Amino acid sequence: MNSGDPLIRLSGVCYREHSPWFSRLFRAEYILKDISFSLEDGESMAVVGDEDSGKSELIALIAGLLEPTRGRILYSGQTAAANPRNRARNFRMIFQDQETSLNRKLRIRDILQIPLLINTGMDRRERLERIADTLNLVDLPESIAGRYPSELSHGQMKRVSFARALILNPRVILADKSISSFDPNLRAHICNMLLRLQKERRISSIITTSDLDLVRNISDRLLVLDRGEIVEFGDTRKILSAPQSPTATRLLMNYYNEYRCDADHVLERGRKAVKHHEF
Amino acid sequence: MALLDIRNLSVRVGPGRDALTVVDRISLTVNEGRILALVGASGSGKSLLMQAVMMLRRDNISYSADRFKLDGEDLLKIPSRKRRRIIGQNISFIMQDPRQSLDPTMKIRDQIYEVMPRIPWYHVLSRLKNFFRRTRSKTAAALLHRSGIRDHERILGSYPAQLSDVECQKIMLAIALASKPRILLLDEPVVNLETASRLQVLKLLDRCAKNDRTAVVVICNDLASVYNFADEFAFMYAGQIVERGSRDRILNNPRHPYTASLIRTMLELGRNGRLKRYLPVLSGKHPDYRSMPVGCRFGARCRRARRECNREPEMIISKNEQYRCHFPLEDGALYEDE
């Protein structure tokens, strides 16, 4: 693992669903086609695109939930096979469906403990301290540790799955749509948390979302996908101010012109007047 | 007159004496042809309120209300069987998870037919049967088309497990509209959708409200996704409605500090400017229902809280605004405070 290696590098990654040989013969449809990009250490990235553009699959491939059909993914210059612990510890995924991703039979404390038990040699007291810290980080009361997932609300469950991703101090957080479904205050909180993690601990994030305002605020790089192909990849601000591809333009148009046009004249005064908030 | 008029609806969760009052004495009126957006933090009791409006029976959950009138008819005074029929005919409800609400063992076609008005028996017996069958499938296709699905044939013939989340959501919308409801309740209908489909769904709701005079209640935890479409907003916090009013009034002059904080966050996120800036957030946590604070429930997180806030604020109702706060924000204070 050299320090010069990019955090993550995909070269020529293709993916299609595993299917029986006859359908592979007659209907060879790739969900992702020839994806190549690399992300430097400390950079965070957002993936945008339409439905069924393969965003979720891309995240799942990076997290190791799916195997690429062709191509390879290098984590800090190594393949997952060469150093499986690296991927498991440093590339933590937040799942979209928090109800099915949390084990109903375990208390929150145990759900959060499992990654620590597998990946670290902490004793019980250290583990509990780490759990309390992480729960504080995601704005949850510590009393929640003794409860079961079914006793929590949706938002709390989402935060628990966020805490599970953060508990190992990973280098990258992979979030598939999970951030945009929070309520606004919590989303702002998570957004601030991601920014703080980025600035202080250099934890980057790879997220998929449809919220371009959020993307502009938290990500350095933007990847625009269209039906499994990269149409644009580069600096977020550059793409959002001057998109080159029709897909990116359409996404932007949809988001800003139609989705937000009406309220703008109502809120114009507000936009100008809101002061900058320091924390 | 309001289509749905509810006074002091409470929902208690839990067995017997340990029950927690999650939704606390909420009064709600829903008008024909209007879109009401119910906005609030997760865990503020929005979904429970909707389930209570549908009077869904669930274990460990009990409802009580002083008044529950649907189109002038008091539903609390009639037998439950009749009540359920009236609610079923007039109100459609789309739950949060579309995949769980669809029957996994039935084709989409049959699930849509199930809610459509029955074919009378004499038509079934006669030769007209085939004719009605055809119109039925046409209606089903039209419903799907209306909710933004283009390839009807494939969708109608498939099972829920073969479809994506987005398609399931649109199908649920088609099913909800099939019975021609007068009130449509939606629990976070757009949260999992991409921007283009969001627009489709919201425009469909808009058409329902404007053309068919349906009353639409949308639960949404994100203000930004509905604020172009809703006529009215109601903000919920810790089981109470803290503010309600028309869209322009709320967006320009919110009264309750919680409302103001949500709007401020939305504006700050949408502002063009420096990248990577921190957003304003409310400090503190949403109160736990097991240990609800005395007095104003927002008090612990409110910067304007004073000693008077230990007394629970009443809902102040004037001509075009309703709020629950001792020290409401003045006009234009949204951009000066904090």
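The expected span of a helix is 1.5 Å times one less than its number of residues. Keep that in mind as we look around this predicted model.

**A helix in chain B**

Helix α9 of chain B covers residues 195-212, which makes 18 residues. From its first C-alpha to its last it reaches 25 Å, close to the expected 26 Å. Which residues of α9(B) are buried? They are B:T195, B:R198, B:L199, B:V201, B:L202, B:L205, B:C208 and B:A209. An α-helix has 3.6 residues a turn, so residues three or four places apart point the same way.

**The nonpolar core**

Now to the largest nonpolar core, which holds 163 residues. Touching the most other members are A:L174, B:A37, B:V216 and B:V218. Helix α8 of chain B (residues 165-178) supplies the largest share of this core, with nine residues. Leaving out residues up to four places away in sequence, A:L174 touches A:I59, A:I62, A:A63, A:F91, A:R92, A:M93, A:I94 and A:I206. In soluble globular proteins, nonpolar side chains tend to be buried together.

**Two packed helices in chain A**

Helices α5 and α6 of chain A pack at about 115°, their axes 10 Å apart, and the crossing is right-handed. The table shows which residues meet.

| Helix | Range | Residues that meet the other helix |
|---|---|---|
| α5(A) | residues 108-119 | A:R109, A:L112, A:Q113, A:L116 |
| α6(A) | residues 124-137 | A:R127, A:R130, A:I131, A:T134 |

**Confidence**

How confident is the predictor? Chain B averages a pLDDT of 84, and 92% of its residues score at least 70. For the complex, the predictor gives an ipTM of 0.73 and a pTM of 0.80.

Definitions and conventions. Residues are numbered from 1 along each chain as its sequence is written. Chains are lettered from A and ligands numbered from 1 in the order in which they are written. This is a predicted model: local features need pLDDT of at least 70, side-chain atom pairs count only at pLDDT 80 or more; totals for chains, interfaces and linings use all residues. A nonpolar core is a set of buried Ala, Val, Leu, Ile, Met, Phe, Trp, Tyr and Cys residues joined through C-beta atoms within 7 Å. A residue is buried if 20 or more other C-beta atoms lie within 10 Å of its own, exposed if 12 or fewer, and partly exposed in between; C-beta atoms are placed from the backbone. Helices (H or I, at least four residues) and strands (E, at least two) are DSSP runs, numbered from the N terminus. Two residues are in contact if their C-beta atoms, placed from the backbone, lie within 7 Å. pLDDT is the predictor's confidence in each residue, from 0 to 100. Axes are lines fitted to C-alpha atoms, for helices over the stretch in contact, and angles run from 0 to 180 degrees between N-to-C directions. A crossing is left-handed if the near helix is turned anticlockwise from the far one by less than a right angle, and right-handed if clockwise.
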